[in-house]
Amino acid sequence: MSKIHVLVPSQELADYALQIIAEEKMDSCQVEVIRTSHAVQAARDAISNGANVIVARGLQADFIREYTKIPLVNISMTGQEVGLLVEEAKRMTKKENPVIAFIGHYTMFPDSSYMNEIFHAQLLFYTYEDRSRIEALVQKAAAQGADIVVGGERVLKCMQQYPLVQALFLRTREDSLRKALHVARKMVYTSQVEKENNAQFMTVLETVYNGVLKVDMEKNVTAANHAAAWILNRTEATFIGKKLYEVMPQLEESYLDQVLLGEREILTTTVRIGRDSYMVSIAPIAYDGGITGVIISIHKIPTGSRKSQDLFEDNLLFGYLSTGDFCKIDTRSERMKKCIELARAYALSSAPVIIYGETGTEKEVLAQGIHNNGYQKNSHYLTVNCSGMTQEQQLAVLFGEGSTDTKGAALERAAFGTLLIRDIDELCLRCQYRLLRVMRYKVFMKTDIEEVPAMEVRIIATAREELAQKVRKGQFREDLYYLLNAFAIHLPPLRERREDIPGMVQSYFRQYNKKYSKRVSLTKGGMDAMCAARWDGNALQLERFCERLVLTAHKRNMDEVCIHNLLQELYPKTETHEGIKSVVVYEPPEKVQLEQALAQCNSNRQKTAELLGISTATLWRKMKKYGIG
């Protein structure tokens with residue numbers, strides 16, 4: 001079986017090749033003389049007979065490259081071979097300094113920078129990629145005064161139209177063939193090493209329990225093991241060669257981009273696949289100072305000590321299920337994406353987490369996402385709200401002190417699962433101490449003096465106020481602060497990520513249009529008004545506002561006037577003057593800006609437009625929009 005197959009257009013070249021093969025004892029080489037019209041079929045026959053590399057030249061190489069996928073080495077001329085052709089051309093033309101035109105494929109010729117000086121001739125080199133240009137190049141060479149044209153079969157055929165210009169066959173000799181065969185031998189060796197490495201890589205893949213995917217720079221899956229196919233519930237044949245985001249849509253594409261671009265050396269996150277949680281690690285494949293792809297490892301996160309099915313049934317029976325997940329937060333905000341990335345990482349740990357955020361932010365969804373992607377995902381998920389409770393109530397709910405609730409304390413009911421403590425900044429100092437004992441020392445205090453071993457429970461807390469401020473005021477324990485704040489997430493309010501508002505509004509409109517069988521939409525002005533509002537109640541306020549807007553809409557397209565009127569109706573601002581509260585009519589920021597500019601310019605519209613950097617026509621439209629006289 002030949003590994004290297006040499007295809008040449010003449011017996012002379014074939015003899016050179018056989019001589020070199022014999023001299024250098026190159027086994028598994030075969031030489032064949034072919035016509036250009038038979039080049040592709042000859043290459044295909046060689047491939048079917050086991051060839052790894054084809055060696056060919058000129059137009060024949062061009063055809064083979066275009067119609068087959070086998071590695072190909074071009075037979076390119078050496079400077080010495082060009083010199084021999086120049087000498088022969090001089091003899092034919094009988095000129096000391098003739099104009100010699102070389103026409104050939106762009107891979108045929110060596111560097112020609114100093115050849116005119118070396119060979120004492122005027123050399124013109126014409127190269128092509130598209131063989132249809134050969135005739136035009138012959139015509140150009142003749143027009144530029146070539147005494148002789150050197151080229152292959154097709155060039156010589158075209159030269160028949162120019163009887164006054166001599167023609168010489170572009171002959172390659174031993175040097176170029178030797179160089180091409182050396183390159184081909186290196187390619188065969190490299191191919192064998194690569195196959196051996198791939199075989200070793202696949203052996204490793206199939207002997208590990210983790211799912212492993214290999215992804216190239218174009219984000220295509222190029223290799224995978226059986227474990228990955230089982231995890232993704234696919235056969236390997238269905239996803240090899242496909243984009244990773246098609247195979248594994250649960251994984252954020254931006255995470256892959258960060259590793260491929262070298263922004264992160266390694267990235268670890270969590271994903272949900274079906275009802276199971278998996279830890280995913282993405283590491284770059286580094287080669288020759290660059291990145292050529294990534295390896296993705298998928299490892300199933302084990303559940304707690306009880307059987308998953310038993311826990312699932314208990315959760316369903318007692319209402320302890322958690323349905324939130326990271327995919328429910330659709331965001332374009334880079335700050336919010338960082339928060340989700342942190343939360344995915346924290347899900348891999350059992351350490352306590354604290355989530356800071358204003359009222360109405362996605363604190364609870366993020367907490368549920370951490371639970372559902374972590375070790376406790378099949379266990380209980382309970383929520384306790386500290387806000388508005390007295391110290392006695394907090395002690396009773398969390399620790400069962402003085403409680404008559406037969407279900408027990410929240411920390412007991414959340415055993416092997418997660419307890420979300422909302423507004424932990426409102427937790428009393430006695431509860432803080434007992435909670436510290438549970439989290440730090442794994443002991444449960446039903447009273448101030450009675451300690452028993454605590455069952456495993458993960459604590460996630462939320463807070464509206466920074467705990468550091470509470471510590472400075474003496475309202476929060478410093479040791480509990482340090483225990484919680486190491487795994488902190490700070491959610492930005494909606495007014496600081498306004499790029500998320502259009503997507504959220506559209507999502508809410510789809511949801512409530514479907515629920516109430518409506519077809520309400522927003523005009524551009526209406527959407528602009530939604531984006532300009534403060535939304536101090538964040539996502540909660542925005543969702544309820546959208547539901548009210550859809551439910552009570554009396555027309556299909558809601559404009560900015562409708563938005564402003566409903567905002568004023570639902571959330572009127574109040575100010576206190578001399579102890580008397582009064583409602584302040586809601587004013588859009590743009591309207592306030594217009595009125596201030598008009599006042600500054602004494603109602604001169606021309607000057608106002610110049611001050612605002614807009615045309616007078618635009619100013620007039622905005623004044624009409626807000627009813628400014």
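These legends describe close-up views of a predicted model.

**View 1. Confidence along the chain.**
The mean pLDDT of the chain is 85. Of its residues, 91% reach 70 or more. Residues 305-319 stay under 50. For this stretch the model has 20 contacts beyond four places in sequence. Where pLDDT is low, the predicted coordinates should not be read in detail.

**View 2. An antiparallel open sheet of 5 strands.**
The strand order is β10-β9-β13-β12-β11. The edge strands are β10 (221-224) and β11 (267-273), and each pairs on one side only. From one strand to the next, the twist averages 25°. Helix α12 (residues 253-260) packs on this sheet. The helix touches β9 (211-216), β11, β12 and β13 (290-300). The direction of α12 makes about 135° with that of β13.

**View 3. The pairing of β11 with β12.**
Strand β12 spans residues 276-287. The two strands run antiparallel and are joined by 7 bridges. Thr269 has Val280 of β12 as its bridge partner.

**View 4. A parallel open sheet of 5 strands.**
Here the order is β15-β16-β19-β14-β20. β15 (381-385) and β20 (488-490) stand at the edges. Each has a single partner strand, so one side of each is left without a neighbour in the sheet. The twist averages 15° from one strand to the next.

**View 5. Strands β16 and β19, with helices on the sheet.**
Strand β16 (residues 418-422) runs parallel to strand β19 (residues 458-463). They are joined by 4 bridges. Leu420 has Ile460 of β19 as its bridge partner. Helix α15 (residues 363-372) packs on the sheet and touches β14, β15, β16, β19 and β20. The direction of α15 makes about 155° with that of β14. Helix α14 (residues 334-346) lies across β14 (353-356), β19 and β20. It runs at about 160° to β20.

**View 6. Helix α18 against helix α20.**
Helix α18 (residues 429-441) and helix α20 (residues 478-485) pack at an angle of about 45°. Their axes are 10 Å apart. The two helices are therefore oblique to each other. α18 passes α20 in a left-handed crossing. From α18, the contact takes in Gln432, Leu436, Met439 and Arg440. These meet Asp479, Leu480, Leu483 and Leu484 in α20. By class, the contact has 5 nonpolar, 1 polar and 2 charged residues.

**View 7. Helix α22 against helix α24.**
Helix α22 (residues 524-532) packs with helix α24 (residues 560-570) at about 35°. The axes are 7 Å apart. Gly525, Gly526, Ala529 and Met530 make the contact from α22. Glu560, Ile563 and His564 make it from α24. The classes are 3 nonpolar, 3 polar and 1 charged.

**View 8. Helix α25 against helix α27.**
Helix α25 (residues 589-600) and helix α27 (residues 616-625) pack at an angle of about 120°. Their axes lie 10 Å apart. α25 and α27 are therefore oblique to each other. Their crossing is left-handed. Glu590, Leu594 and Leu598 of α25 make the contact with Leu619, Lys622, Met623 and Lys625 of α27. This contact has 4 nonpolar, no polar and 3 charged residues.

Notes: Residues are numbered from 1 along each chain as its sequence is written. This is a predicted model: local features need pLDDT of at least 70, side-chain atom pairs count only at pLDDT 80 or more; totals for chains, interfaces and linings use all residues. Side-chain values use heavy atoms; hydrogens and water are left out. Two strands pair if DSSP finds at least two bridges between them. Axes are lines fitted to C-alpha atoms, for helices over the stretch in contact, and angles run from 0 to 180 degrees between N-to-C directions. Contact means heavy atoms within 4.5 Å. pLDDT is the predictor's confidence in each residue, from 0 to 100. Angles under 35 degrees count as roughly parallel, over 145 as roughly antiparallel, 65 to 115 as roughly perpendicular and the rest as oblique. A crossing is left-handed if the near helix is turned anticlockwise from the far one by less than a right angle, and right-handed if clockwise. Ala, Val, Leu, Ile, Met, Phe, Trp, Tyr, Cys and Pro count as nonpolar, Asp, Glu, Lys and Arg as charged, and the others, Gly among them, as polar.
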